[in-house]
4 protein chains.
Amino acid sequence: MKHLLLLSFSLLMTLHLSAQHPYPPVGKVQMQKLNSTILNTERDYAIYLPKSYTTDTLRQFPVLYLLHGLYGNHKDWSERGHVADVANQVFDSGMADEMIIVMPDAGTDWYGYFNMKGWEYERFFFEEFMPAIEKRFRIKGDKAHRAIAGLSMGGGGTTAYAQKHPDLFASAYAMSALMALPEFGRAPSTDFKMQELNQSVTANSCIDHVIKADEAGKAALRSVRWFVDCGDDDFLFDVNLDFYRAMIKAHIPCQLRVRDGGHTWEYWHSALYLALPWVSNGFGK
Amino acid sequence: MKHLLLLSFSLLMTLHLSAQHPYPPVGKVQMQKLNSTILNTERDYAIYLPKSYTTDTLRQFPVLYLLHGLYGNHKDWSERGHVADVANQVFDSGMADEMIIVMPDAGTDWYGYFNMKGWEYERFFFEEFMPAIEKRFRIKGDKAHRAIAGLSMGGGGTTAYAQKHPDLFASAYAMSALMALPEFGRAPSTDFKMQELNQSVTANSCIDHVIKADEAGKAALRSVRWFVDCGDDDFLFDVNLDFYRAMIKAHIPCQLRVRDGGHTWEYWHSALYLALPWVSNGFGK
Amino acid sequence: MKHLLLLSFSLLMTLHLSAQHPYPPVGKVQMQKLNSTILNTERDYAIYLPKSYTTDTLRQFPVLYLLHGLYGNHKDWSERGHVADVANQVFDSGMADEMIIVMPDAGTDWYGYFNMKGWEYERFFFEEFMPAIEKRFRIKGDKAHRAIAGLSMGGGGTTAYAQKHPDLFASAYAMSALMALPEFGRAPSTDFKMQELNQSVTANSCIDHVIKADEAGKAALRSVRWFVDCGDDDFLFDVNLDFYRAMIKAHIPCQLRVRDGGHTWEYWHSALYLALPWVSNGFGK
Amino acid sequence: MKHLLLLSFSLLMTLHLSAQHPYPPVGKVQMQKLNSTILNTERDYAIYLPKSYTTDTLRQFPVLYLLHGLYGNHKDWSERGHVADVANQVFDSGMADEMIIVMPDAGTDWYGYFNMKGWEYERFFFEEFMPAIEKRFRIKGDKAHRAIAGLSMGGGGTTAYAQKHPDLFASAYAMSALMALPEFGRAPSTDFKMQELNQSVTANSCIDHVIKADEAGKAALRSVRWFVDCGDDDFLFDVNLDFYRAMIKAHIPCQLRVRDGGHTWEYWHSALYLALPWVSNGFGK
């Protein structure tokens, strides 16, 4: 009885809301799975579908790939990043356009977004995951309507993926990114998977990529919009700044923000309020 | 000699900037004039042309009409609103798309955006000014790429213009708007022009327009994106809130922000940082 | 082995952080209990102790009481409001001073911050809870160093408590506050506890309190700093605005912010970034 | 007549405002002069006195010294920085405490905040200007209630002054600061005064000061609160980052923000909204 009445009170509020906005659908995150031949396993992912996805069933949407960090998984951005709450608010207010947000899992079993011995995650991402997702859901699927973002290890993945595939992404937004292996992280490890991760981060150094780029490479990089967002107390601050300086030196336009904070979810959560409008404004160009 | 050297120091800085961004053109405000048959006089206006206007000479741009307040003129938004500085920064950062910003003069000789005895400004605006401007400059010139914004008396003009011409504007952003004549402003005046202004504001009450709208009228209003921005210390706070409540009651989506401040240029200047991305995000829909 | 090495990587990061800030203690939330004679039960509460609480063991701190909403409890502000993360960041950056944050439970068994038949929560709060807490912890314990804030039902509690005890609180920050029972919430209920809550909210209407205040009452209210923070999509928007207008009419200074959002944790979480500096700046006056 | 009536309209608004806030005094900037023996001339300065300075004639206030940039003077912060408008708003909202803001002129005749041949400005500042100002006005005049801030050349002055006199300043907030002479600014100059400036900036390098500090020096620097604020497009970005890295390496706590923008008044004006609350929160400790 009590619950019925509590419900009825909630219901009243809902009805009131409905009076303002009839039939309010809402963007939501779903948990899904995809079978991978390359990785020889089933991989989890989370996907946010905006409110119009269900009301406008013919419409195709831009897409943002949103990557988690080390020791995380595909649930992080919704459970601690509150991505659906931020996205719903930002889209409703008209500060950004609705988009689909795809959050893969690169943290269970192994970790890392690159190819390693026995774990070719990068090949999986580009050959299996992205094509499958963009078929399964109404995604526009061209460079002009595809963006990538991520935090820490996922910020490194974001940057490296867009560096190697500038033809695929309109924008790349890196948060507290592992742009290269910092000095203090180079201790030898006897854990094979961690060794592999460390080697792959070094082999995919985003800083070296810029420094070594030839003119054609730089021109290709200029076709992507870049954003680096890193807190003043972040232990990856130095590699982020080195990356930014390399970009400026190479005359590749790049935004930089150093806001208050460290390597924390408060930082990444608040970054969404910048990232969603900024990638949205880059779609369609 | 001294000046030469000062110049050379400035030059060094400029060269350094040029190294980062070769040949940096920059968006600028120009002062222009237009002859009006309806008003039987020449009218001033200011126009901001974004940096790509000069570098990409075939491109057409969206347009924002930006209206000044009582006792002001077409120079206010650039001289105190620093509109070019804000626009250049917001466009460069990728948070909004380049647009042309047109700032007419409704403050010299007479004041007000409506038709009055001997001063048919509204007719001038829609029949002469807007068509002429959109021919003179490379402006896209459709509803999907036209927005209007303004402060105080110009916020009332913004709202009333978009209410009467929902087919012409994609977005309307009203700052500290004179949505209706407030109680305390209804003192009789022996100044003919002020009398006319007061009567025109009452006759064009934005609040009454919403309250009296029939279903077709409400549907038309829903085709415009609305934003009301008014400080908590503004003496026009009440009429802004009455307008917002009328909109919500009529189920016409409308954004509202009450930020810190009064009826001041600090408020309107900072409003540009919200208004430009928000109207930009509404273009092309 | 694997965990050991993961640990060792984390450890490296920690050591790196330690190199920047030797011995980094950090503010934390604890869950505690207090026995109540008035309520004839043990009551839960959460308490945030800032980093200096453990390093400077003679220092006394200002206190903020932070109240949850309907159907919530003392854990909400830490679990979904991330209060420790926000507080640590804001205090570290120097934008606010360290304070103790106390989060009582007014949601288990019953709900509501007022006295009801069989549940005298308000009496418990002022006669048992507050005195006990301020003895148990190093709290300064005077009006000049005590503030209150809360969301929804807790925003109503915040405002009503400070209205009835202006001698106890320096500042009151109300978020999305249930300032009075809104029209749509007045449906009769057969749930006794909900009936009691509704009656208590009506009996403690924050709006009526201001309207009915005599000159001495208004003068007392002016000794408190007031802040009303409510989203433009909040279903309690109207009662918040009615409260603000009553305050302005009574010449009682009051801040108002209407930011983007509804009755959501995104709103309340982000409100902390305003509330903590603002109450901090009001301590000691 | 017209003007009378316009006035009467304005008057109505003013009366309305007065109804809300009886007798609204307001903080204002005054232009003043001080005779200098050291510089053998009369020096201009601007001073902002907050609203309570005139209503509470016994009260003493904290002080912020606010320095202009190269080719500027004491009027810049009020004329383009709109310092009084920002200060009045921030103090009224309760986000910061009222303070006196002193803006000296280091730009007329010569330029620079350091001692040069024939222009001992630094000696003037500490031996004549600061003591005289703190006697002339009701300024508390201790380290705990004194802060310094400035832009570009004045940001370098801010940092260097606080480095050499950590016993005098509670906080130092540097905007787009000339922390050292950047590479591209080291061209030889035949202008004697510019030569002197360049040499003085090099001799007073804020970066070298940190690097060369011994343990006692570092301990003294830790008694000041530091804030570095520099845009991502600023041509002085590199020297600001070098300074920040030197501070972190020396374990001297320092805030850093890299916001959107270049070496512009938009940047410095918006910096005031951060700087005033932050220096305010540092007073009295």
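C:N40 lies in the loop between β1 (28-36) and β2 (41-49) of chain C; strands (E, at least two residues) and helices (H or I, at least four) are DSSP runs, numbered from the N terminus. This is a predicted model, in which local features need pLDDT of at least 70, side-chain atom pairs count only at pLDDT 80 or more, and totals for chains, interfaces and linings use all residues. Residues are numbered from 1 along each chain as its sequence is written, chains are lettered from A and ligands numbered from 1 in the order in which they are written, and side-chain values use heavy atoms, with hydrogens and water left out.

Most residues other than glycine have a negative phi. C:N40 is not a glycine, yet its phi is positive, about 55 degrees. With a relative accessible area of 69%, C:N40 is exposed (exposed means over 50%, buried under 20%, partly exposed in between, with a 1.4 Å probe and protein chains only). A:D109, also not a glycine, has a positive phi of about 75 degrees. A:D109 sits in the loop between β4 (100-104) and β5 (115-116) of chain A, and its relative accessibility of 41% makes it partly exposed.

## A buried asparagine

D:N240 belongs to helix α10 (residues 237-249) of chain D. D:N240 counts as buried because its relative accessibility is 0%. Its side chain reaches the backbone oxygen of D:L236 at 2.9 Å. Leaving out residues up to four places away in sequence, D:N240 touches D:S176, D:A177, D:M179, D:V228 and D:C230 (contact means heavy atoms within 4.5 Å).

## Nonpolar cores

A nonpolar core is a set of buried Ala, Val, Leu, Ile, Met, Phe, Trp, Tyr and Cys residues joined through side-chain atoms within 4.5 Å. The largest has 141 residues, and A:Y65, A:I100, D:Y65 and D:I100 touch the most other members. A second, separate core of 140 residues includes B:W110, B:I133, B:I252 and C:V210.

Beyond its neighbours within four places in sequence, D:I100 has contacts that include D:I47, D:Y53, D:F61 and D:R138.

## Helices of chains B and D

Helix α11 (residues 265-282) of chain B packs against helix α11 (residues 265-282) of chain D at about 110 degrees, with the axes 13 Å apart. Axes are lines fitted to C-alpha atoms, for helices over the stretch in contact, and angles run from 0 to 180 degrees between N-to-C directions. The angle therefore makes α11(B) roughly perpendicular to α11(D) (65 to 115 degrees). B:E266, B:H269 and B:Y273 of α11(B) make the contact with D:E266, D:H269 and D:Y273 of α11(D).

Notes: A polar contact is a pair of N or O atoms within 3.5 Å; within protein, one must be able to donate a hydrogen and the other to accept it, and residues adjacent in sequence count only if both atoms are side-chain atoms. Angles under 35 degrees count as roughly parallel, over 145 as roughly antiparallel, 65 to 115 as roughly perpendicular and the rest as oblique.
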